[in-house]
Amino acid sequence: MNYLRLLWIFLRIGTMNELAYRANFWVQLVQSLLNLGVALAGLAVIFSHTEELGGWQPAELVALLGVFFLMSGLIGALIQPSMQRFMEDVRLGTLDFTLTKPEDAQVLVSVGEVRIWKFLDVVQGVALIAVALVEIGMRAGLVHAAGFALTLAAGAAIVYSFWLVLATTTFWFIKAENILVIFQAVYSAGKYPVAIYPRWLKLAMTFLVPVAFAVTVPTEALVGRLSSEVLWGALAMAGGMLVGARAFWL
Amino acid sequence: MRGLADIYSTLFRTDLAVQFQYRAAMVIWLIGRIVDTLVFLSVWTAVARSKGGQVGDFSSGDFAAYYIIMMMMGHLTFTWFMFEFEYRVRSGAFSPLLLQPLHPIHRDIATNISYKFLTLAVMLPTVGLMVWIFDPVFDPPIWAIWAAIPVVLLAFLMRFFVEWALALVALWTTRTAAANQLYFAVSLFFSGQMAPLSLLPEWLQTLAAILPFRWMLAFPTELLLGRLTPAEVIWGAVTQVMWLGLSWGILAVVWSRGVRRYSAVGS
């Protein structure tokens with residue numbers, strides 16, 4: 001309960017900070033819409049030459065794109081800013097202020113900063129998912145929705161743990177920001193289903209940088225292609241990574 | 001002329017030494033380009049597979065060759081000044097450059113070339129690895145390879161001048177992130193990175209011939225694939241020279257006005 005209260009307070013502080021820079025809203029809006037336009041135009045070019053991509057129908061790929069934007073919005077709004085701030089704090093020595101506070105340092109570090117305008121990506125992603133579901137015919141029932149919610153939460157947990165582990169390495173390396181560039185690059189490959197990639201890349205995107213769990217698996221749950229093994233695998237991976245990241249942090 | 005050659009050789013030497021310190025960071029920045037190439041190549045290979053191995057005038061081997069060459073062209077011609085100028089203006093880092101009795105563009109040219117020279121040590125093995133994995137069909141006529149040398153050089157120069165001129169917008173607006181993104185979004189489609197231009201709808205191809213992006217990337221790539229006739233190559237080179245001259249002219253005008261506008265926000 002206490003942690004939820006903390007989270008709420010930090011969200012409010014972050015929001016107030018951001019509201020001071022209202023022009024950023026428009027910049028972010030333009031950027032989000034541009035990203036959307038580029039992604040949809042890319043799909044249009046691809047589907048002018050084929051009816052399906054790696055076994056996925058156009059509407060299913062739109063849903064995948066929706067989940068991609070949803071997840072990148074969450075990462076960009078909550079996970080990435082806090083972790084970047086944390087790494088900066090390690091480098092400058094200002095982390096001491098956080099460590100002396102009478103709360104769990106991992107929690108404090110993880111909610112350190114919020115970029116609310118990035119939630120535009122989340123809105124955009126949800127809209128895309130809605131459009132795609134209507135297009136598919138919305139045969140999705142309660143089971144699909146529950147599977148989607150579970151895998152999405154698992155995906156978010158996996159991405160969070162992954163970032164936390166990477167950010168924690170700054171205690172040794174001091175400057176690890178560049179590693180995050182790799183994450184960005186590989187994450188952008190999640191715009192398409194991992195099924196189309198060569199096997200070694202598929203493995204890297206599943207275990208090295210967990211893009212598959214963050215984007216492809218939740219979408220599979222949403223459109224009803226998910227097998228129960230993958231569902232349990234994702235949940236187990238999420239649990240394992242949360243525990244592992246915590247252990248690494250300590 | 002003699003003086004400029006001296007300046008350049010000094011700039012190259014110092015730049016190489018400076019950049020060699022940041023080896024790891026340099027390599028990591030290349031990963032974005034390599035991943036992008038892998039993504040587009042995988043997408044089109046998957047499309048080719050579902051169509052029985054052929055999309056338009058491209059087989060999967062052609063796609064592999066196209067994207068591997070495109071990756072190399074992208075590496076040889078790209079610049080980062082559209083991002084750097086925002087930093088320069090905001091932090092005031094531009095001021096010392098302006099004080100020197102040398103146009104800052106010379107320093108930028110030297111940095112760009114020495115960066116690419118150093119990173120070739122990573123790009124060439126990557127190309128080798130991708131050739132081994134994806135099995136490209138690469139069989140251009142000899143004249144095309146020779147013709148590619150001036151064409152790639154022109155592509156580099158015109159892209160450099162176009163993007164440097166556009167980067168000067170930062171002197172007026174200070175914030176350029178959204179404008180940069182627009183530029184790269186448009187260039188993604190019209191330079192042939194998203195898909196080979198011959199796979200785009202007719203009206204987009206017409207537009208691509210008018211815009212500068214095709215002449216930066218798709219044109220040298222198609223030349224090296226052996227898909228162009230000599231007449232098309234000459235026409236392409238003429239277009240490149242026209243764009244180079246145009247951006248040079250714009251640069252000269254914008255530069256003298258922009259420097260007067262420059263206000264060094266951070267200092």
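In the predicted model, the side chains of Lys51(B) and Glu51(A) come together in a salt bridge, with a nitrogen-to-oxygen distance of 3.4 Å. The count of salt bridges between chain B and chain A is one, and five residue pairs are in polar contact between these chains, both residues of each pair being at pLDDT 80 or more. On the side of chain B that touches chain A, at least two residues are supplied by each of α2 (23-50), α6 (104-134) and α9 (177-190). The largest share of that side comes from α2(B), which contributes 17 residues. Grouped by class, the side of chain B that touches chain A comprises 25 nonpolar, four polar and four charged residues.

The size of an interface is often expressed as the accessible area that is lost when the parts come together. For chain B and chain A, the area buried between them is about 2600 Å², of which 74% lies on carbon and sulfur atoms. Within chain B, the residues that lose the most area to chain A are Ile28(B), Val43(B) and Gln181(B), which together account for 18% of what that side buries. In terms of residues, the contact draws 33 from chain B and 30 from chain A.

A local backbone feature is found at Asp135(B), where phi is near 60°, a positive value in a residue other than glycine. Asp135(B) is located in the loop between α6 and α7 (142-167) of chain B. With a relative accessible area of 60%, Asp135(B) is classed as exposed, because the cut-off for that class is over 50%.

Methods:
Residues are numbered from 1 along each chain as its sequence is written. Chains are lettered from A and ligands numbered from 1 in the order in which they are written. This is a predicted model: local features need pLDDT of at least 70, side-chain atom pairs count only at pLDDT 80 or more; totals for chains, interfaces and linings use all residues. Side-chain values use heavy atoms; hydrogens and water are left out. Contact means heavy atoms within 4.5 Å. Buried area is the accessible area (1.4 Å probe) that two parts lose on being put together, summed over both. A salt bridge is a side-chain nitrogen of Lys or Arg within 4 Å of a carboxyl oxygen of Asp or Glu. A polar contact is a pair of N or O atoms within 3.5 Å; within protein, one must be able to donate a hydrogen and the other to accept it, and residues adjacent in sequence count only if both atoms are side-chain atoms. Helices (H or I, at least four residues) and strands (E, at least two) are DSSP runs, numbered from the N terminus. Ala, Val, Leu, Ile, Met, Phe, Trp, Tyr, Cys and Pro count as nonpolar, Asp, Glu, Lys and Arg as charged, and the others, Gly among them, as polar. Buried means under 20% relative accessible area, exposed over 50%, partly exposed in between (1.4 Å probe, protein chains only).
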